[in-house]
Protein chains: 2
Amino acid sequence: MKVLKGAALFGQSGGPTSVINSSAAGVFLEALNQENITHVYGAEYGIKGILDDRLFDISKEDRDELELLKNTPSSALGTVRYKLADYKKDDTDYKRLLEIFKKYNIRYFFYNGGNDSMDTCNKISKYLQKEGYPCRVMGVPKTIDNDLEGTDHCPGFGSAAKYVATTMMELYLDTHVYNTPLITVVEIMGRNAGWLTAAAELATYKGYGPDLMYLPETPFDLTEFTKEVKEVAKKKEGKVLIAVSEGIRDKDGKYISEYASSVSRDSFGHAQLGGLAAFLANHLNAHTGIKVRDIEFSLMQRCAAHIASETDIWEAFMAGKKAVEYACEGHTDKMITFKRNEGKEYSISYEMLDLEHIANAEKKVPLEWIKKDHTGVTKEFIEYALPLIQGEPKLKKEDGLPRFAKLEKKLV
Amino acid sequence: MKVLKGAALFGQSGGPTSVINSSAAGVFLEALNQENITHVYGAEYGIKGILDDRLFDISKEDRDELELLKNTPSSALGTVRYKLADYKKDDTDYKRLLEIFKKYNIRYFFYNGGNDSMDTCNKISKYLQKEGYPCRVMGVPKTIDNDLEGTDHCPGFGSAAKYVATTMMELYLDTHVYNTPLITVVEIMGRNAGWLTAAAELATYKGYGPDLMYLPETPFDLTEFTKEVKEVAKKKEGKVLIAVSEGIRDKDGKYISEYASSVSRDSFGHAQLGGLAAFLANHLNAHTGIKVRDIEFSLMQRCAAHIASETDIWEAFMAGKKAVEYACEGHTDKMITFKRNEGKEYSISYEMLDLEHIANAEKKVPLEWIKKDHTGVTKEFIEYALPLIQGEPKLKKEDGLPRFAKLEKKLV
């Protein structure tokens with residue numbers, strides 16, 4: 001093991017989750033204990049805070065508050081969607097980053113996020129290598145979409161899946177309560193991968209799930225959809241519960257949400273989706289005459305820390321902690337991955353994969369798990385997902401409400 | 001105490017809540033223990049199940065499943081919105097009800113619901129009196145809207161308020177995570193009373209609440225609203241979190257949601273609302289240029305049993321139990337009410353009020369509790385509402401998901 005002495009810097013990137021702060025706790029608490037790590041910094045708004053020279057001194061934080069990060073949703077340091085240019089074309093940002101890294105003698109860099117953030121992390125890692133600046137760079141995975149390559153699953157997914165499954169069970173009861181027909185369309189996050197929508201199958205497993213499910217992995221056909229809904233309505237006295245992924249597209253790749261409205265794009269060029277459930281509900285009302293209701297799980301599915309999975313919280317924490325440990329052992333240019341161990345009882349090992357293998361790749365729900373008749377996903381998904389939602393969060397409460405972490409966030 | 005021997009019948013009515021089944025558990029478990037109650041029945045879909053002669057034999061149910069009702073959201077027997085005519089004008093339904101009451105020798109009738117359901121309960125009570133049919137009739141209160149007269153608060157409100165407060169805290173963190181402006185409009189249930197929207201103040205009390213709050217108790221002015229949002233945006237770097245009640249109206253009494261769309265009416269003639277948040281968000285985007293997000297708490301706010309208030313669950317149970325006890329003691333034509341006892345520690349007494357005093361009356365948020373600048377409600381509301389959200393539900397879980405009650409529902 002080659003000793004590298006210097007400061008550690010951690011940043012949060014991309015859409016927040018219920019457990020991204022648990023990874024922050026893992027990084028911070030481990031980094032504060034490492035003898036070769038001289039200072040521990042957190043970047044405000046991810047990469048943007050580095051470019052703006054706005055770093056928080058984590059050693060000034062109360063350790064109890066850092067512990068509370070495990071159960072505090074969203075990104076405590078602030079997050080960002082910022083696409084770095086290819087440094088061969090424009091190295092302005094990279095030069096500035098290196099300047100800041102040198103200013104604070106940053107030799108350990110941890111970046112927490114999904115596909116795009118791992119792309120950022122990979123680019124920074126490669127640039128620092130090219131410049132001959134010794135710095136250990138580690139990606140810490142995070143995404144409720146569960147679409148990162150090379151890992152069994154992603155921190156954030158289990159908690160969001162638990163929210164989706166539990167809420168779908170509750171909604172099932174609520175939407176079956178009258179003796180009158182009602183079609184309910186529930187829109188769930190997932191731009192290109194249907195993992196989170198598939199989590200509604202866990203509610204079906206308990207007897208309270210949706211009748212129909214539409215994932216982005218297979219083309220969506222509005223006519224076929226209408227026919228399928230009508231068939232269920234006929235069988236079930238007009239009561240139909242439908243789970244749709246926000247990112248469903250037709251056979252030509254056009255987002256169904258675009259059928260109704262114009263779509264804006266974020267800085268990565270991704271279409272910003274929304275209003276899909278309302279569009280489908282109105283369409284179904286017009287074609288069936290049945291009363292409809294559209295429901296969006298909206299931001300709640302990614303920030304409902306009160307119903308997070310303890311397994312997810314723990315694994316997110318360990319992903320952060322392991323990133324620091326492995327970096328201190330000499331590893332760099334990697335992302336932490338989860339490997340599911342063999343055996344009857346669920347357990348995982350924390351491994352690593354080259355950043356460039358992960359950046360911008362997307363893991364989708366296997367097509368053979370998706371039922372052709374759109375009634376859901378197979379039992380293989382249940383076996384896969386059920387262990388990930390286990391355990392109740394040890395959420396500290398005051399006055400019956402969550403006591404979230406309060407960081408000082410003192411700028412260096 | 002005059003002894004009246006016969007069967008007991010219980011029905012659920014109006015929109016479901018997280019704890020309406022806890023009242024059912026209170027009624028059923030107490031009625032099954034009363035020696036003068038010969039049979040215990042539950043009506044399918046409230047009053048409709050009586051008219052259709054569809055009663056469930058509750059004595060056939062597993063007692064453990066009846067216990068699980070305490071934590072099972074929505075209405076286990078099914079619910080209904082059905083307006084009884086004035087019996088002086090049309091007594092068709094009443095004759096049929098009396099026929100069924102006689103058929104099963106029903107001498108105890110318990111009806112669980114809000115304003116409209118208490119109207120139904122009152123009418124039935126008066127008709128049975130007129131016909132000289134001895135039957136003890138008791139209303140069991142229920143509504144997330146918290147708008148029933150003559151009671152400190154209503155079962156169902158505490159749990160919905162806890163959902164609103166907790167979710168608002170989580171959303172606060174999620175919507176303040178980027179360094180870019182974002183206006184978020186959250187729509188909360190409440191047709192004429194703003195109690196549930198006011199519950200967002202509990203999040204403010206913890207430091208994570210909305211900047212602006214609009215209740216139906218005061219007229220809504222779109223121009224004033226836009227100005228107030230712009231002022232907050234200016235002060236808070238464009239980040240604005242807004243809580244609006246679905247039922248806000250302009251000074252002429254027109255629903256703001258009607259500004260955007262035509263509104264359908266339910267069988268009580270109430271306007272069916274929706275899409276208000278989307279309308280306001282689009283309006284704000286057009287007038288500020290800031291990115292907007294509209295969020296509806298939709299059905300989740302009334303069925304999220306996983307985050308119910310244990311205080312609410314217990315009080316709902318006791319409301320059902322007390323209704324049976326009081327009826328067996330000889331009381332009739334009443335609704336159970338909650339009286340808050342004097343003293344530092346929160347406690348309530350279970351009292352009664354004549355049904356006709358409650359039917360169709362509405363209790364609103366006191367105007368002196370509503371801040372004129374629309375930034376929220378006063379500390380009087382916090383003192384009022386905070387005790388109602390206390391205690392975590394003892395939710396039985398299997399596989400990390402709720403284990404809801406499974407009733408046999410055997411028809412008599």
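**Entry 1. Lys102(A)**

I began with Lys102(A), which counts as exposed because it has 11 C-beta neighbours inside 10 Å. The cut-offs I used: 20 or more other C-beta atoms within 10 Å of its own make a residue buried, 12 or fewer make it exposed, and anything in between is partly exposed, with C-beta atoms placed from the backbone. I looked up the place of Lys102(A) and found it in helix α4 (residues 92-103) of chain A. Helices (H or I, at least four residues) and strands (E, at least two) are DSSP runs numbered from the N terminus. I also checked Lys102(A) against Asp53(A): the two are 49 residues apart in sequence and 12 Å apart in space, C-alpha to C-alpha.

I noted for the record that this is a predicted model, in which local features need pLDDT of at least 70 and side-chain atom pairs count only at pLDDT 80 or more, while totals for chains, interfaces and linings use all residues. Residues are numbered from 1 along each chain as its sequence is written, and chains are lettered from A and ligands numbered from 1 in the order in which they are written.

**Entry 2. Residues with positive phi**

Most residues other than glycine have a negative phi.

Asn105(A) is not a glycine, yet its phi is positive at about 50°. I placed Asn105(A) in the loop between α4 and β4 (106-113) of chain A. Asn105(A) is exposed, with 12 other C-beta atoms within 10 Å.

His374(A) also has a positive phi, near 65°. I found His374(A) in the loop between α14 (355-358) and α15 of chain A. With 19 other C-beta atoms within 10 Å, His374(A) is partly exposed.

**Entry 3. Pro387(A)**

Which loop holds Pro387(A)? I found Pro387(A) between α15 (379-385) and β14 (397-398) of chain A. Pro387(A) counts as partly exposed, with 19 C-beta neighbours inside 10 Å. Leaving aside neighbours within four places in sequence, I listed Thr311(A) and Tyr346(A) as the contacts of Pro387(A). Two residues are in contact if their C-beta atoms, placed from the backbone, lie within 7 Å. Pro387(A) and Tyr346(A) are 41 residues apart in sequence but 6.6 Å apart in space, C-alpha to C-alpha.

**Entry 4. Helices α9 and α11**

I looked at α9 (residues 222-235) and α11 (residues 276-288) of chain A, whose axes come within 11 Å and cross at roughly 65°. Axes here are lines fitted to C-alpha atoms, for helices over the stretch in contact, and angles run from 0 to 180 degrees between N-to-C directions. The crossing of α9(A) and α11(A) is right-handed. A crossing is right-handed if the near helix is turned clockwise from the far one by less than a right angle, and left-handed if anticlockwise.

From α9(A), I noted Leu222(A), Thr226(A), Val229(A), Lys230(A) and Ala233(A); they meet His283(A), Leu284(A), His287(A) and Thr288(A) in α11(A). Sorted by class, this contact has four nonpolar, four polar and one charged residues. Ala, Val, Leu, Ile, Met, Phe, Trp, Tyr, Cys and Pro count as nonpolar, Asp, Glu, Lys and Arg as charged, and the others, Gly among them, as polar.

I then turned to chain B. There α9 (residues 222-235) and α11 (residues 276-288) pack at an angle of about 65°, with their axes 11 Å apart. α9(B) passes α11(B) in a right-handed crossing.

**Entry 5. Domains of chain A**

I read chain A as domain 1 (6-144 + 305-361 + 392-402) and domain 2 (157-303); the bounds come from an automatic or database domain assignment. The C-alpha centres of the two domains of chain A lie 33 Å apart. Their contact takes 18 residues from domain 1 and 15 residues from domain 2. On the domain 1 side I counted eight nonpolar, six polar and four charged residues.

**Entry 6. Chain A against chain B**

How many residues does each chain give to the contact? Chain A gives 43 residues and chain B gives 43 residues. On the side of chain A, the elements that give two or more residues are α6 (157-175), α12 (300-303) and β15 (401-402). α6(A) gives the most, with nine residues. By class, the side of chain A divides into 23 nonpolar, 13 polar and seven charged residues.

100% of the interface residues of chain A are also interface residues in chain B, so the copies meet through the same surface.
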